[in-house]
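Keep the structure in view and follow each point on it.

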Amino acid sequence: MTTASVTPVIQAQGLEKRFGRVHALAGLDLSVSAGEVHGFLGPNGAGKSTAIRILLGLARATGGTARVFGRDPWADAVALHRRLGYVPGDVTLWPNLTGGEAVDLLSRLRGGTADKAAYAARKKRLVEAFDFDPTKKGRAYSKGNRQKVALIAAFVTPAELLILDEPTSGLDPLMEAVFEGEVHRAAGEGSTVLLSSHILSEVEQLCDRVTIIRSGRTAETGTLEQLRHLTRTEIAFASEGMSPARLAAIPGAHDLTVTGGRVRFTADTDGLPAVLGALATLAVRGLTVAPPSLEELFLRHYGDRPAEGASPGAGIGTGTDAGHRPGDAAS
Amino acid sequence: MTALRILLGQRLRRDRLQLLFWIGGTALLALFAAVAVAQSYGDPVARDQILALAISSPAILVLRGLPQGGGLAAFVFFEIFTYLALLAGLMSTFLAVRHTRGDEESGRAELVEATPAARTLPTVATLVHGIGANLVLGLATAAALVLGGLELRGSFVTGAAVAATGIAFLGVGMLSAQFLRTSRGANGLSVALVGLAFVLRGFGDALGTPTGPLEMTSAWPSWLSPIGWGQQTSAYTSDTLIPLLLSLGLAGVCLAAVFALQSRRDSGASLVAERHGRADARPALSSAFGLAWRLQWGTILAWAAGGAAFGYLAGTLASLVQQAAGSDPAIVGTLESVAGAGGSLTQTLIGALFAFVGALAAACATQTVVRMRQEEAAGTAELLLSTPVSRGRWLAGYLVLGALAVLIVLAASALVAALGLLSAGEDAARIGDAFAAAAAQLPAALVYLGVTALLFVLVPRAAIAAGWSLVALGIVLGNFGGLLGLPQWLRDLSPFTHTPVVGGSADAGGVLWLSAIAVVAIGASVVLLRRRELGTA
């Protein structure tokens, strides 16, 4: 166990995967340490699922290295699979097996049913928590319910590593909350979690560190705090009584727009004290200061908004509406 | 009308290759039969002998048809019509289910039903599409028979009978699709009904009464079967189309029920409701093999039932022929020229029928293994292989199951054949023959097991089509090569050609080669799958 705590649980360097001429992965770096919940972000087609298939030893990398628990996932797939649980992005079930049977089958294969009574209790708890009917045939389940089968099977057997590929894309908000609770519980028991997602609030809620990938490459990686530092804080206040001349006095204001009775601009995190001072002298009303959300990080990498240096007051900003975000500071 | 045209165009486009194979294959079978009969039984005396033998031993009638005199064309109709009708029935039921329940199950139908096409129009389009396919099938069959040198009038009556049978089963297939929730279930039910039609006709003809030296009329069970109705047209002799009204009537009744039921039920729902199952798995469901068995045992038992049916035929037919032939040496001569000499007559007949059991076992092995590709494409294989199950172990589970399935099919047929022989008062040595004949089929069936597994590893996307094509090719070249007058080198390509004949000269070389190919293919598939990535759809 001492080696496990030193070497990262997942370590990928320069990972490449070509399908003919298509580069699904073109130099992915990913490092997940023991005990952390790691968000794996990227839009559809960025290569998240391909990377996960390589980490599971279902596909072979055409370049770079991948190590899980320090071992080659292609060569040592079976040994690694004893230590991990997996939820695929698109769960399909055996049409004539019931959901309960599928959970039992997967758990038995993973060796999680040795203590029958304990297993039955864990299964019962999860079936109830996810409000799941285990007696229906696989073909009769909706997408969300198929996902529940894979989630229950993943959580019912304790795993050192959980690889979850967009696990909540078919769940309703209530079930998402249950899912988040289960991830917290697993992490609390010492599991390492790799959570691929494009639901940003989920990642913000759960993850310690995040890797953002784009077109098969790592675009950004770090803790949420580190990533936030890279982006600007969004500030807005009522435009009543403001003139362009007065607004020009705000130091370090980027992408300043006046629309719908609100002045909006962004400011570098480092320059925030000076900006706040200027706002005090302007005696602004209805002030909101929003920390950079993951959504903005995301849009910074993928959105079509002009990258840097757009002139203040020019046109309509394509940034997102900062009005209803958790963590808004209103005055 | 525009919507109907679009839906029809989509069906044609989706089916264009599949229907080409069904229609082309059926027409080719008709053409080959016409040509081969003219070649092998050009002599009226030989035809008369065969018909006399058939009338004296009803089990032959089950596998052929209703004798209507010794004319060349009437003999062709006797030999091949039931099989043409069987193919038309299968083509039509698969077509019906594919475009109705199949689409509903996959959710595609919902997309279409949300457009102004609504719920009824897709069904109408399937009906028009199916009737069109059967009309083309009838015309192609008639044209093939004319090309084979048979009279125009009778050939078109045959074509009409084939088309009418197909249309009757189109209705049956569409009705099955209303009843069951899955296309698998609907296909299973309608294929069983096609099989029932074949068996009813077989019994009706076997129990028929001779009306002349070489003619018979059917007993009543034939009149319960669409295939029987087609046969009652007596093409090339009395050429009457009136029985086909029964086929069209059945189609009409089925379709009226289809539209009545569909207007009353929800989209995606079925008359037979889906049952709930166990919340916890049985202890057996705890390994890759356990899963493979659970997924396929029903299918394997169905193949075994088919094997048992052939075993029953072999058991009863052999003793019947023995009695008939005992009184007429001319029949013995004719029969040996057909089935191949060597050993006693009973042994020869058992061998000939067990060749079909071998084909069933090979088909069963193929179906067992191609399931892996279906699992891979669906994504369930990914779920399985993310647990501590290696790819090699996964494949091994299916290979063991495939081998077991082959043994089950062969054992079922041998057992039933032995019981048939015993009840007919044959001595115990004949029972040994039945088991030897079944065992002789093992190497060829295992070749199919290994080769299909290798196809799955090397060309996953093409594996299902290629696997089944090889089975069909092997049966045509090996089991029908003689009847079709194909050259020996072509027949030698089929594994079934090298199956040893019980009581004949031992073909040890063939057994060795088949076993070697099977072992190498199985070994190579296990080794190569370890190096292959898991694919997706």
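In chain A, helix α6 (residues 143-156) lies across β5 and β6, running at about 170° to β5(A). Helices (H or I, at least four residues) and strands (E, at least two) are DSSP runs, numbered from the N terminus. "Lies across" rests on contact, meaning heavy atoms within 4.5 Å. Axes are lines fitted to C-alpha atoms, for helices over the stretch in contact, and angles run from 0 to 180 degrees between N-to-C directions.

This is a predicted model, where local features need pLDDT of at least 70, side-chain atom pairs count only at pLDDT 80 or more, and totals for chains, interfaces and linings use all residues. Residues are numbered from 1 along each chain as its sequence is written, chains are lettered from A and ligands numbered from 1 in the order in which they are written, and side-chain values use heavy atoms, with hydrogens and water left out.

**The six-stranded sheet of chain A**

- Six strands form an open sheet with mixed pairing, in the order β5-β6-β7-β3-β8-β9 (chain A). Two strands pair if DSSP finds at least two bridges between them.
- At the edges are β5 (84-87) and β9 (217-223) of chain A, and each pairs on one side only.
- On average, neighbouring strands here are turned by 15° against each other, direction ignored.
- β6 (residues 161-165) and β7 (residues 192-197) of chain A pair in the parallel sense over five bridges. Leu162(A) stands opposite Val193(A) in β7(A).
- β3(A) and β8 (residues 209-214) of chain A also run parallel, joined by four bridges. Here Leu41(A) stands opposite Ile212(A) in β8(A).
- β8(A) and β9(A) are antiparallel, paired over six bridges. Arg209(A) stands opposite Thr223(A) in β9(A).
- What do β8(A) and β9(A) form? They form a hairpin with two residues between them, and Ser215(A) in the turn has a positive phi of about 50°.
- Helix α7 (residues 173-188) of chain A lies across β3 (37-41), β6 and β7 of chain A, at about 155° to β6(A).

**The three-stranded sheet of chain A**

- This open sheet has the order β2-β1-β4 (chain A), with antiparallel pairing.
- β2 (22-32) and β4 (63-68) of chain A each have a single partner strand, so one side of each is left without a neighbour in the sheet.
- Neighbouring strands of this sheet are turned by 25° against each other on average, direction ignored.
- β1 (residues 10-19) of chain A runs antiparallel to β4(A), with five bridges between the two. Gln11(A) has Arg67(A) as its bridge partner in β4(A).
- Helix α2 (residues 48-55) of chain A lies across β1, β2 and β4 of chain A, at about 65° to β2(A).

**Helix pairs in chain B**

- Two packed helices are described by the angle between their axes and the distance between the axes.
- α7 (residues 121-147) and α11 (residues 244-262) of chain B pack at about 165°, with axes 11 Å apart. The pair is therefore roughly antiparallel (over 145 degrees; under 35 counts as roughly parallel, 65 to 115 as roughly perpendicular and the rest as oblique).
- The α7(B)/α11(B) contact has five nonpolar (Ala, Val, Leu, Ile, Met, Phe, Trp, Tyr, Cys and Pro), two polar (the others, Gly among them) and no charged (Asp, Glu, Lys and Arg) residues.
- Among the residues that meet are Leu127(B) in α7(B) and Phe259(B) in α11(B).
- α18 (residues 442-458) and α21 (residues 508-531) of chain B pack at about 25°, with axes 8 Å apart. These two are therefore roughly parallel.
- The α18(B)/α21(B) contact has 20 nonpolar, three polar and no charged residues.
- α1 (residues 2-40) and α4 (residues 72-99) of chain B pack at about 170°, with axes 9 Å apart. They are therefore roughly antiparallel.
- The α1(B)/α4(B) contact has 20 nonpolar, three polar and five charged residues.

- α7(B) has 27 residues and reaches 39 Å from its first C-alpha to its last. That is close to the 39 Å expected at 1.5 Å a residue, taken as 1.5 Å times one less than the number of residues.
- Gly149(B) follows α7(B), and its phi is positive, near 100°.
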